[in-house]
Amino acid sequence: MIEKESFGKTKDGEAVFRYTLRNSRGMCVRILSYGCVIQSILVPDKDDRATDVVLGYDDLSGYEAGSCFFGTFVGR
């Protein structure tokens, strides 16, 4: 299942979307259209509690102002 939602607008006014992918086993990946950033990956632990295994910001301003490149793809 794939969901699309608004994640805000950049300082230049460009719309940014968050895509959420889920599977039947409780895994969830959130990807932003802002540079194809992986915002989070939630995986269930042995007790089926979801745990985020990716460092990321909660809002768009963190990605725009942050000096860390959490979740970004590097290369072509």
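Before I start: I call a residue buried under 20% relative accessible area, exposed over 50% and partly exposed in between, using a 1.4 Å probe and protein chains only.

I am working with a predicted model, where local features need pLDDT of at least 70, side-chain atom pairs count only at pLDDT 80 or more, and totals for chains, interfaces and linings use all residues. I number residues from 1 along each chain as its sequence is written, and side-chain values use heavy atoms, with hydrogens and water left out.

**Entry 1, the sheet.** I looked up the strands, taken as DSSP runs (E, at least two residues) numbered from the N terminus. Five of them form an open sheet in the order 1-2-3-4-5, with antiparallel pairing; I count two strands as paired if DSSP finds at least two bridges between them. At the edges I found strand 1 (2–9) and strand 5 (50–52), each pairing on one side only. From one strand to the next the twist averages 20°, with axes as lines fitted to C-alpha atoms and angles running from 0 to 180 degrees between N-to-C directions.

**Entry 2, strands 3 and 4.** I then checked how strand 3 (residues 28–32) meets strand 4 (residues 37–44): they pair in the antiparallel sense over five bridges. L32 has V37 of strand 4 as its bridge partner.

A reminder to myself: most residues other than glycine have a negative phi. In the loop between strand 3 and strand 4 I found C36, whose phi is positive at about 55° although C36 is not a glycine. C36 is partly exposed, at a relative accessible area of 39%. The loop between strand 4 and strand 5 holds D48, also not a glycine, with a positive phi near 65°. I noted D48 as exposed, at 66% relative accessibility.

Definitions and conventions: Helices (H or I, at least four residues) and strands (E, at least two) are DSSP runs, numbered from the N terminus.
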